[in-house]
Amino acid sequence: MELKRVVVTGIGAISPLGNTAEETWEKVVAGVSGAAPITHFDTTGFKTTFGCEVKNFNAEDYIDRKEARKMDPYCQYAMAAAQMAVENSQLNLEAIDKNRVGVVLGVGIGGMHTFEEEEWNYERTHEAVGPKYNPFFIPKMIADISAGQISMKYGFHGPNYITSSACASSTNALADAFNLIRLGKAEVIVTGGAEAAIYPGGVGGFNAMHALSTRNDEPEKASRPFSKSRDGFVMAEGSAILILEELEHAKARGAHIYAEVAGCGMSADAHHITASHPEGLGAKLVMRNALEDAEMQPEDIDYINVHGTSTPVGDISEVKAIKDVFGEHAYTLNISSTKSMTGHLLGAAGAIEAMFSILSVANDIVPPTINHEEGDEDPEIDYALNFTFNKAQKRTVRAALSNTFGFGGHNACAIFKKYAD
């Protein structure tokens, strides 16, 4: 069968940089950090006391107050970003066939705040009154409820589920959405991801495995991918949602098209529960798979939005993989890690970084990798590559590739290109 073409017609975001996609994009291009001391809980005694939190978010701006109380913060972020994406797409909700509209999201952890809150209530009360739990505990906590809630709000009856592959979750969701549409299983898919894990268990757990930066005196400078002094990632929260649409469906309604989804790839490191393969074997394979799926050559890519978490091993292995896959062309393309500004949104990282890749294609500008300082070069990293350090660069971006790698060795990659009829 002939595969259908898939385009991006809507975006929405709730992020550490802003509560709209527009504000988030403006700040990431300007090189603004979203890191600050944690306000969600008392960090006394924690090795890390900062993160990239969502700021000034009011769920009731998007969700009925009574319904918002039944949702974990991660789900509230997803609902808000989805509303903005649907509005941005200008879908006519009265005219479209809702049986052909689905919701496929990526969530790495889910309702951590709800789980911890409920356990605290149990510990506080169970000896006096027995085990008492909120009847909404389970539906607030489970990771799939975000996709379900969006479908219920809009009456979308198409494919509905979440993918969970740690930090690759929302890129896997995007890949599934892409495949569902090009195979003719749906005409529109609301896709992306959401996460809200900046709570004691999230910070404490990642601290225990020495994954987080402990640069508590300079939070805004803590995420410094590809610099020698990097000491771990900065945890973030939020949601980014994209509207993927079958090309002819989008054209028929005169939709604005941001970019075309060219292809996706997936692979596994099959190496370690948390560490990436030191030679980047899974990363090489996933990028090659994405290029093959897109029927593109390495020379067709102008920008790579890297996984680039600011961890000692991960950054080196990803650079090795890029050099192997792209060869001499690696020195002519732009590379940047937007995690240096947003922090690491875990299961939602792929979604927000896909959004940045799409907007780079649409606007011909590459956001920077901030916080690199002269004299902070790692001898294992090749600085002849263009990491777009500290300042955005204008250039024609014909196509952008977005990498995401997750604990468990899960790798997912998506390619976006300029739309041409």
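A residue is called buried when its relative accessible area is under 20%, exposed when that area is over 50%, and partly exposed in between (1.4 Å probe, protein chains only). The model examined here is predicted, so local features need pLDDT of at least 70 and side-chain atom pairs count only at pLDDT 80 or more, while totals for chains, interfaces and linings use all residues. Residues are numbered from 1 along each chain as its sequence is written, and side-chain values use heavy atoms, with hydrogens and water left out.

Salt bridges were examined first. A salt bridge is a side-chain nitrogen of Lys or Arg within 4 Å of a carboxyl oxygen of Asp or Glu. Side chains of opposite charge can pair when their charged atoms come close. The whole structure holds 22 salt bridges.

One of them joins Glu-353 to Lys-339, with the closest N and O atoms 2.9 Å apart. Glu-353 sits in helix α13 and Lys-339 in helix α12 (residues 339-342), 14 residues apart. Helices (H or I, at least four residues) and strands (E, at least two) are DSSP runs, numbered from the N terminus. Glu-353 is buried, as its relative accessible area is 1%. Lys-339 is also buried, at 1%.

Glu-260 and Arg-5 form another salt bridge (2.9 Å, N to O). Glu-260 belongs to strand β8 (residues 259-268) and Arg-5 to the segment before β1 (6-14), so the pair ties together parts 255 residues apart in sequence. Glu-260 is buried, at 6% relative accessibility. Arg-5 is partly exposed, at 32%.

A further salt bridge links Arg-224 and Asp-376 (3.2 Å, N to O). Both Arg-224 and Asp-376 are buried. Arg-215, Glu-218 and Lys-221 are linked in a network of salt bridges.

Helix packing came next. Axes are lines fitted to C-alpha atoms, for helices over the stretch in contact, and angles run from 0 to 180 degrees between N-to-C directions. Angles under 35 degrees count as roughly parallel, over 145 as roughly antiparallel, 65 to 115 as roughly perpendicular and the rest as oblique.

Helix α1 (residues 21-30) and helix α13 (residues 349-363) cross at roughly 75°, and their axes come within 11 Å. The two helices, α1 and α13, are therefore roughly perpendicular. In contact (heavy atoms within 4.5 Å), α1 supplies Ala-21, Thr-24, Trp-25 and Val-28, among them meeting Phe-356 and Leu-359 of α13.

Helix α10 (residues 281-294) packs against helix α11 (residues 312-326) at about 40°, with axes 8 Å apart. Helices α10 and α11 are therefore oblique to each other.
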